[in-house]
Structure formats: C-alpha cells, structure tokens
Amino acid sequence: MKMIAVLIIALSSPSLFAFSTGPDESERTSEIPDRREFPVDPDIDPCTDYFQYACGPALSKFKMREDRSRHIFSFSDSRERILDAKESYLAKLKDKDKFNEKSKQLKDYYLSCTNLDARAKEEKKVLNEAVEKMKEIKSKKEFAQYLTSQSLKGQDSHVGFTNIENLDNSKIYDFIMMPSLMASMPEPSYYKNEELMKEFKEIATEFFKLAGYKDAEKRAQWVVDFEKEYINKYPTPAERRPLWSKRAYSKKSDLLKYKNLQLGKILEKVPGKIKIRNPMDDVFKYQNKAFDKYSLDQLKTVYLFQSTEGALDAGFPDYFEKGFKFSHKYLGGSAKRPELKERCTMDVMNRFNKELDYEVYDSFFPDFPEKKFVALLEKVRASILEGLAKNKWLSNKSKASAMKKIKLARFQVVKPKTEKEWDFNPIADYSPEKYLANQEILDEKLTERNFERLPKPVDKDIWHYGPMTVNAYYDPTANKFVMLAGILQYPFYDPNLPDWVNLGAVGAVVGHELGHGVDDQGSKYDAYGNVKQWMTDKDVETFQSRGKQLVEQFNNAGHDGKLTLGENIGDLVGVTFALNAAKKTMPVDPVAREKATKEFFRQWARAWCGTMLPKREEMQLKTDPHALVWARVNEQMKHQGDFAKVYNCKKGDKLYLPPEKRVSIW
C-alpha cells in the first residue's frame, strides 16, 4: 500500500478475472537475444512518427509468445533473461540436499507449486472447508468477526491494513486502513458491457455449482449485483493517486462506530500512540450500510466467491479454462499459459522476491561498474539543480526548498548492501506438498511483522523490491531514488556506450523519478519525507496550469489526460533534464554533436519499443497512470526543441509544436 512512484507498473491479481493464465502448456516463441538491435526505418519520417521510425523494424521481426500479453523490449527482454536464470536455479535447487534457511524456503515453496496432484487435492479441500465455514456462520455479527479474523491472518477480508510513515514525522509509523474487498473487474466501464457480464455470470454460476449450491445461478446474480454497486463506491485509479498524502486520520472510537464491520480486534492491536489513517472512509461507510442492505446469505455468497475462486486451478481444470478464456477475451490476458516450471518460478519471484534475488544475483550481475553508474546519476542530479536554479516562475522560497530536496535525495543503486537493507521475509517452515497453506503461512508472518514494527522507528534504508526487479522507483517518505540492477541492461544502460546515449534512456529514468519529488504530489513532501508543502499555493497553481496542456494533449491522443498527467510530467521532466546533462558530454563539433543528439533521442525511443494485446492496451488506458509506449515517445518529442532542430521538423509535421506551445515545467 506504500505510495511509491515507479517507472512502469505491472498489473496483477490472484483472481481468475485479472490476467490469470490458461491451462495449456506452450513452447517459447519469443527470441530474446543477448542484445537486441534497433535499426531505424528510413522510410518513416521521424517528424511524423518517431516511435515507428525507431521501433518499427525491431517490432516487425518480433513474434510475441502466446503466453504473454505484452512485451516492451527494454523491460521484457531483461525480465525474460532474469526469469530464465531463476528458473534454472530453482530446477537445480530441488535436487540439492544441503540448504541455508533462505534456500530451503525457496525449494519447499517451489516444490509445492509444481506438485499438481497435491495442489488438486488441497484446492478441493479448501473449497469444501470454505463452503462449510459459510454454512456455520449464523449471524451478520459472527460473519463480520470472521472477516476480521481473516484480516489478522493477512487473508481476503473486508479491510486491509499496513504500516505507513506518519505525515508529520516520517521517522515513525502510522497505521493505515483500506477497504480490501474488491470487484472482479478493474474499473466501472467493464460492468456496462452486457456480453462481458453475461459470461462473467456464467463463470460465477459454474463456481457455485462446484461449491455444491443448487441455486448457483441466483448466487451468481447476487455477485454481479453487488459488484456493480460496489465498483462505483470505490475510488477510480485517478482518484486514488492523492490519497496517500491525505490527512484522513480517524480515532479508534470513530471506526468502532461502524459496528457492522467489527473492527475491534484489529484496532486493539494498534498501540495507543500510533495514529490511524483512513483515506477511504466513504467506502467503509458504504460497507457498513451494505451489511444492513444485503442479507447474510448474500454477503457470505459474495465473500465466498471473491476469496476462494482464485484458488481453483489444478483441481478444477475446466473451470480454470473458462476463467482463462474470459481473461484473454476481455481483460487482455495471454492466449496460452506458461509451462508449469515457469509459472512456479514467477510465483516464487513474487512471494520470495528478495530471497531468490540474493541467491542468483552474483552469477547474473558479476562486477557491475557501480561507481561509473553513480557518476552518471549525479550528472542528472546536477542538471536538475541547474534547471531549478534558472527557473523563472518559482518563488525564491519554493526554489530553495526544491533545490534542498534534490540535494538531499539519496541514491540506493544496484543492490542492497546489508542484511537490514535486504529486509527478507520472516523465516518459516513450508511444506513441499501444501501450496495454498504455504501462502497462508507467509501472509500471516508478514502481517505479524507489520504489527511488530508498528511502534518501532521507520527504517528508511529498506529496499521495497529485490534488486533484480526490472524497475526503478522514488520513495517520497524517504526522499530516496532506488535504481534496481534488473533494469540496468541494454537499452537502458550499457557502460561501454557514451554517456549521452545512456542518459537518453537510464538518465531520463533518473530525471523522471527525481522529478516526482518536485511535482504536484512530491511538493507535499519536504526533504525529510514529511508531508509539509514547501511549494507556495501560487506556485502549485502555476505548476498545475503548466500541466493542463498535457492533459488536453494526451486526451487528444486517446488517453485519460488526468489519469496520466503525473507520469507524463515525469517523462517530460526526465527527458529535459537528461538532455541538458547529455549536452555537457557531447562532442563540440557541430556535425558530431547533431549525431549525438539524435542518438540521445533514439535511445529514449528504444526504451519504450514494445507491443501488447489489444485488450491489454484497453485496460491500460483505463487503469494505468502510464501512457502507452508509442505516446510516451511521440507525444514527448513535441516539446523538445532540440528534437525539432536535429530532425528538421517544421510546421505541419505531426510531431512539431511551435515554441510558444511547448510545455516547459521547470
């Protein structure tokens, strides 16, 4: 739940109805070279479609695997290489006899995932036990108490919670509560698709038949009706963005007023001095009323479906197949399922991300030139500071605060340096034959750790992702930028290339992420991670007015301009600051300098060359704050005067904007 600005988001969900993969094994079809080449298309005018100019030839030769729903070369090539290395490690691990504590956990969890016979038996047992549990519950109060007990175990419930830095003192924790009951579809428009909802109801009906209910269709309709109502009570993706810095504190007595929700057992575990954040109070109010509106049988039916259907896999192949086809048809899921050993490797990566990275890292990233890379990062920081110093619209007070924040921003790069920074999962005993039970053990251990940490000081050195994750992020509560080693592969980074080329890709990433520290949301956090707006109200208004043109521009490009505004500003700021840094490294000779400038822009485009299934693209447009890859390239080039200059773009060209219409944030 922690609010961290990331470069690109991979959507995932345990439900069949959000990117689950189907039951068929498939051969690998995507070829992942050690280094992908990106020749330009000489028949495409760069001023008309720079994405196609820089990416078209590589994409025309690429065939995406049927068990994938998207492939962005810079991210996906790197992920596939890392996935193969980890798959190989786990395959060998299962035959070993001696282990350390971490590797034994990896082995046992991996074996439980690959044991389909044991999984099938366990799934049937879990479904039967869940049905019997619902039958045992005789009152709404008893039902709510059961949900609360599930929350305390880290399981599906009506409320979720975690620790988050206090708004006024980021060295201590708040306790944040969020509604965890979710609809099966990603956002409201899906519920207006009659064909989709008909098929969704059919799948839900099948679920209740498997659960042994004679009135399965009626119960499926209850699920549909409830979710249609609930999805409109829950904040949209755009509305959720500012919630992390919202001053929405509640007293325990306020939350206990929602008597239908029975939150007492959770609240009594929160020490008295710890403040409670409740940024979605309106949703809790709705949930409390829903307990009165819906019958006990209806409430239990909805919960049974949402908490259990995602566990049905090996033991229910026909049901899983229907859910998979639904996901592919409507939600952008892949056409085929990865082979079992790959699925289980990905599962281990998700649940034991740092433990697996710790075991594999040294063999995958030997002798990484960290000092050289950090020097490159510092060039971007210097460029940002130079840009802020020259800024003409910020007040002197805001300018000083912004520069202080960038100067004090910490870099954590490549990989954690200490055990404390790694922050591994709590050690536990896992069974090689109980896949679902293993998940419950880990969830409960992590929940217990959250409560244990709640009264302790915040450790701002902790890495929130394993170092082989192909991403980067900025954490506003720690004012730190984390560049994970996983992303430091070509085309994002190659230590043998000139700085101006690397700055076009990884440099723009650094500028993007640090730029989040001084954008409309980042301005709410001071240099020490406290929520203390350092930008004056007038400066915030000016900042927002400068972004309005981007909203309109991306609306016209088929996006939700408001949803993507923060990330589009990040891209604009990142490219601008990285280019300014790159210019200081380019040759002086005019011809060589023009060539170097083109190389900078080509590298930015190469970072976003990729493709995705149409329905996956549709979902991203509705739910993801990041623009589609072609737009991240083409729409940003319109605001770069140097791009227009080196490619001789002129009035009438699609990617040309006159200087007075170009957006300049800083």
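Reply: Let's start with E440, E444, E448 and E452, which gather on the surface in a patch of negative charge. This is a predicted model, by the way. One of the four, E444, sits in helix α19, which covers residues 435–453.

Side chains of opposite charge can pair when their charged atoms come close. Over the whole structure, a search turns up 52 salt bridges. Take E370 and K417: their closest N and O atoms are 3.4 Å apart. That pair ties together distant parts of the chain, with E370 in helix α16 (residues 370–390) and K417 in the loop between β7 and α18, 47 residues apart. Both ends are partly exposed, E370 at 27% and K417 at 49%.

Other pairs stay within one helix. In helix α23, E594 and K598 form a salt bridge at 3.8 Å, N to O; they are 4 residues apart, so about one helical turn separates them. Helix α24 holds E618 and K615, 3 residues apart and again separated by about one helical turn, and their side chains meet at 3.1 Å, N to O.

Finally, salt bridges can link up into a network, as they do for R65, D67, R68, E80 and E342.

Terms used. Residues are numbered from 1 along each chain as its sequence is written. This is a predicted model: local features need pLDDT of at least 70, side-chain atom pairs count only at pLDDT 80 or more; totals for chains, interfaces and linings use all residues. Side-chain values use heavy atoms; hydrogens and water are left out. Patches are made of residues with over 30% relative accessible area and no salt bridge: like charges are joined within 9 Å, nonpolar side chains (Val, Leu, Ile, Met, Phe, Trp, Tyr) within 5 Å. Accessible areas come from the Shrake-Rupley method with a 1.4 Å probe; for residues, only the protein chains shown count as cover. A salt bridge is a side-chain nitrogen of Lys or Arg within 4 Å of a carboxyl oxygen of Asp or Glu. Lys and Arg count as positive and Asp and Glu as negative; His and the chain ends are not counted. The place of a charge is taken as NZ of Lys, CZ of Arg, CG of Asp or CD of Glu. Helices (H or I, at least four residues) and strands (E, at least two) are DSSP runs, numbered from the N terminus. Buried means under 20% relative accessible area, exposed over 50%, partly exposed in between (1.4 Å probe, protein chains only).
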